[in-house]
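Please look over the sequence and the model below before reading on. The paragraphs after it are meant to be followed with the structure open beside them.

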Amino acid sequence: MDDDTATEILGATFRALCQHGCAALTVKDIAAEADRSKATVHYYYDSRENLCGEFLDFLCERYTARILDVDGSTPREELDSLLDTVLTDERQTPGQEFRTAILEIKAQAPYNDAFRTQLAKFDAVLFDRFREIIAAGIETGEFDSAVEPAVTAQFLVTGITGAHARHVATDRSIDQFSEAITRCVETDFRAETPVEATR
């Protein structure tokens with residue numbers, strides 16, 4: 001977003017969400033965090049719901065950049081990098097309060113088209129990236145040809161989404177799920193014949 005004030009308001013929305021959560025969040029809270037008047041916030045975003053929708057869009061752009069930026073010299077290294085990116089147990093960044101606020105937004109998504117649309121974008125970006133990496137690994141012989149990219153990507157995205165929700169709801173560490181997925185990748189994805197042996 002080009003307008004500095006509008007972007008500042010989105011940053012203030014992040015801070016206010018961390019402090020107040022989604023259910024209790026008000027435009028007044030956001031204005032206070034932005035050090036702006038409520039009128040200024042309303043000038044850029046005509047309602048709290050519109051602002052939250054724009055904020056989710058803002059997050060989606062940043063999230064997409066992070067997901068697409070994962071790298072590695074092989075598909076396996078790319079997969080490890082992507083899993084590290086989405087499964088880091090980030091208690092301080094962005095923080096438990098923010099994760100709780102996002103879970104609140106997810107709970108409202110069935111009743112809010114804007115929220116549902118933005119959250120679907122999050123889901124689709126992650127799904128597509130996993131599917132691409134797994135398909136590439138099969139093509140190079142690094143992953144077993146019996147692995148189905150779309151089905152496996154669906155499993156991974158569902159598991160990751162559940163792990164984050166469980167972390168917020170029960171304070172269970174995401175690290176445990178990360179270790180389980182890593183073992184799964186090692187035992188179930190790996191091709192029986194090493195790539196080097198096929199060359």
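The model is a predicted one, in which local features are reported only at a pLDDT of at least 70 and side-chain atom pairs only at pLDDT 80 or more, while totals for chains, interfaces and linings use all residues. Residues are numbered from 1 along each chain as its sequence is written, and side-chain values use heavy atoms, with hydrogens and water left out.

The secondary structure of the protein consists of nine helices and zero strands, where helices (H or I, at least four residues) and strands (E, at least two) are DSSP runs numbered from the N terminus. Read from the N terminus on, the order of elements is therefore α-α-α-α-α-α-α-α-α. Taken along the principal axes, the C-alpha atoms fill a box of roughly 65 × 35 × 30 Å. Of the 199 residues in the protein, 42% are buried, a term that means under 20% relative accessible area, with exposed meaning over 50% and partly exposed lying in between (1.4 Å probe, protein chains only). Among the contacts with a separation of 6 or more, 66% join residues 24 or more positions apart, a contact being heavy atoms within 4.5 Å.

The protein exposes about 10900 Å², and carbon and sulfur atoms supply 50% of that area, as computed by the Shrake-Rupley method with a 1.4 Å probe, with only the protein chains shown counting as cover for residues.

Helix α1 covers residues 4-20, and its 17 residues should span 24 Å at 1.5 Å a residue, which agrees with the 24 Å between its end C-alpha atoms; the expected span is 1.5 Å times one less than the number of residues. The buried residues of α1 are T5, A6, I9, L10, A12, T13, A16, L17 and C18. As background to such a list, an α-helix has 3.6 residues a turn, so residues three or four places apart point the same way. Just after α1, G21 takes a positive phi of about 80 degrees.

The buried residues of α2 are V27, D29, I30, A31 and A34, and they pack against α1, α3 and α4. In the loop between α2 (27-34) and α3 (38-44) sits D35, which has a positive phi of about 55 degrees although it is not a glycine. D35 is exposed, because its relative accessible area is 70%.

Helix α4 has 21 residues and reaches 30 Å from its first C-alpha to its last, close to the 30 Å expected at 1.5 Å a residue. Its buried residues include R48, C52, F55, L59, Y63 and I67.

The loop between α4 (48-68) and α5 (75-87) holds S73, which counts as exposed because its relative accessibility is 63%. The side chain of S73 makes a polar contact with the side chain of E77 (2.7 Å); such a contact is a pair of N or O atoms within 3.5 Å, where within protein one must be able to donate a hydrogen and the other to accept it, and residues adjacent in sequence count only if both atoms are side-chain atoms. S73 and H42 are 31 residues apart along the chain, and their C-alpha atoms are separated by 47 Å.

Within helix α5 lies R76, which is buried because its relative accessible area is 18%. Not counting residues up to four places away in sequence, R76 touches E142, F143, V185 and E186.

Leaving aside neighbours within four places in sequence, T152 is in contact with I134, V147 and F189. Helix α9 (residues 174-189) contains F177, which counts as partly exposed because its relative accessibility is 24%. With neighbours within four places again set aside, F177 is in contact with L87, G159, I160 and A163. The C-alpha atoms of F177 and K38, 139 residues apart along the chain, are separated by 42 Å.
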